[in-house]
Amino acid sequence: MKIIQPREGETFDIELEESLLSKNRELADNNRKILDENEIIAIDVMGSIGSGKTSLIKNLIKGLKAGHRIGVIAGDLTTEIDAERLREGSTQVLQVNTGKECHLDANLIKRALENIKLKEIDILFIENVGNLICPAEFPLGAHKRLVVISVTEGPYMVVKHPFIFREADIVVINKIDLQVQMGVSAAKLKEDVLKINKKAKVVLTNCVTGEGVKEIIKCMNFQ
Ligand code: MG
Ligand code: ZN
């Protein structure tokens, strides 16, 4: 089959993009410093719309031992639906609306951190905008990057998004109770992830029953 790919330098915005990405990395390093100084562990939660990011964060909040003070930054284009859903069990929830932007970036997180009482939280969940493409290129400064996919998204979600899975520390395969109905194998998706990223921890979950959630908490090693 004939395949057309961009030649070197052919993409219009390539130079702009490189300086933008390096600026983002700088800001991400700075965010990490701020988090470390305040003894906060931050998790960047990425995944498509409908993969179950918010449900997963809700489950993680519920599953964490008492005594953790939890903050959430909810990224979304325009709505506050997820921030509202995450209010229960969290100490502080902050909504970041990105407008037309399809990912959070380190500058938005810097501004968000300026609006959170950092001394009052120990764990920060950052729900990224629902998208499996560009969040991969925009580290935020979080300690761990977690990607959620669910079997309802079909069998090709991993192989079609290699970049984000390469960046992930933890990959959650969600809605495993629907494997038969969807004709999609969670074991095969896990295999696909490990082919791209041998070091990723892959956990199978059902966020309705809470199955698998404890295992994710173990992978995060917060104590
Ligand atoms: Mg959500
Ligand atoms: Zn984007």
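Strands E6 and E7 run side by side in this predicted model. Strand E6 covers residues 170-174, and its pairing with E7 is parallel, over four bridges. Within this pair, Ile173 stands opposite Leu204 of E7.

Now widen the view. E6 and E7 belong to an open sheet of seven strands. Read across, the order is E3-E2-E4-E1-E5-E6-E7, and the pairing is parallel. Two strands form the edges: E3 (92-97) and E7 (201-204). Each of them pairs on one side only. The sheet also twists, by an average of 20° from one strand to the next.

Helices pack on this sheet. One of them is H4, residues 106-114. Helix H4 touches strand E2 (70-76), strand E3 and strand E4 (123-127). The direction of H4 makes about 145° with that of E3. Helix H7, residues 186-196, packs on the sheet too. Its contacts are with strand E5 (144-150), E6 and E7. The direction of H7 makes about 170° with that of E7.

Helices also meet each other. Take H2 (residues 53-63) and H8 (residues 213-220). Their axes lie 10 Å apart, and the packing angle is about 75°. Angles of 65 to 115 degrees count as roughly perpendicular, so H2 and H8 are roughly perpendicular to each other. Which residues of H2 and H8 meet? From H2 come Leu56, Asn59, Leu60 and Gly63. From H8 come Val213, Ile216, Ile217 and Met220. Of the residues in this contact, six are nonpolar and two are polar, with no charged ones.

Next, find the metals. Which residues supply the protein donors of the magnesium ion (ligand 1)? They are Thr54 through OG1, Asp82 through OD and Glu127 through OE. Along the sequence, the donor residues follow the spacing T-x27-D-x44-E. Thr54 sits in helix H2, while Asp82 sits in helix H3 (residues 81-85). The two are 28 residues apart, and the pair links distant parts of the chain. Thr54 and Asp82 are buried.

The zinc ion (ligand 2) has its own protein donors: Cys102 (SG), His103 (ND1) and Cys134 (SG). Their distances from the zinc ion are 1.9 to 2.2 Å. Here the spacing in sequence is C-H-x30-C. Cys102 lies in the loop between E3 and H4, and Cys134 in the loop between E4 and E5, so this pair ties together parts that are 32 residues apart in sequence. Are these cysteines buried or exposed? Cys102 has 32% relative accessibility, so it counts as partly exposed. Cys134 has a relative accessible area of 14%, so it is buried.

Finally, look at the backbone in two loops. Glu39 is not a glycine, yet it has a positive phi of about 55°. Where does Glu39 lie? It is in the loop between helix H1 (14-37) and strand E1 (41-47). With a relative accessible area of 68%, Glu39 is exposed. Lys175 has a positive phi as well, near 60°, and is a residue other than glycine. Lys175 lies in the loop between E6 and helix H6 (179-182). Its relative accessibility is 24%, so Lys175 counts as partly exposed.

Key
Residues are numbered from 1 along each chain as its sequence is written. Chains are lettered from A and ligands numbered from 1 in the order in which they are written. This is a predicted model: local features need pLDDT of at least 70, side-chain atom pairs count only at pLDDT 80 or more; totals for chains, interfaces and linings use all residues. Side-chain values use heavy atoms; hydrogens and water are left out. Two strands pair if DSSP finds at least two bridges between them. Axes are lines fitted to C-alpha atoms, for helices over the stretch in contact, and angles run from 0 to 180 degrees between N-to-C directions. Contact means heavy atoms within 4.5 Å. Angles under 35 degrees count as roughly parallel, over 145 as roughly antiparallel, 65 to 115 as roughly perpendicular and the rest as oblique. Ala, Val, Leu, Ile, Met, Phe, Trp, Tyr, Cys and Pro count as nonpolar, Asp, Glu, Lys and Arg as charged, and the others, Gly among them, as polar. Donors are N, O and S atoms within 2.8 Å of the metal (3.2 Å for Na, K and Ca); water is not among the atoms, so sites may look incomplete. Buried means under 20% relative accessible area, exposed over 50%, partly exposed in between (1.4 Å probe, protein chains only).
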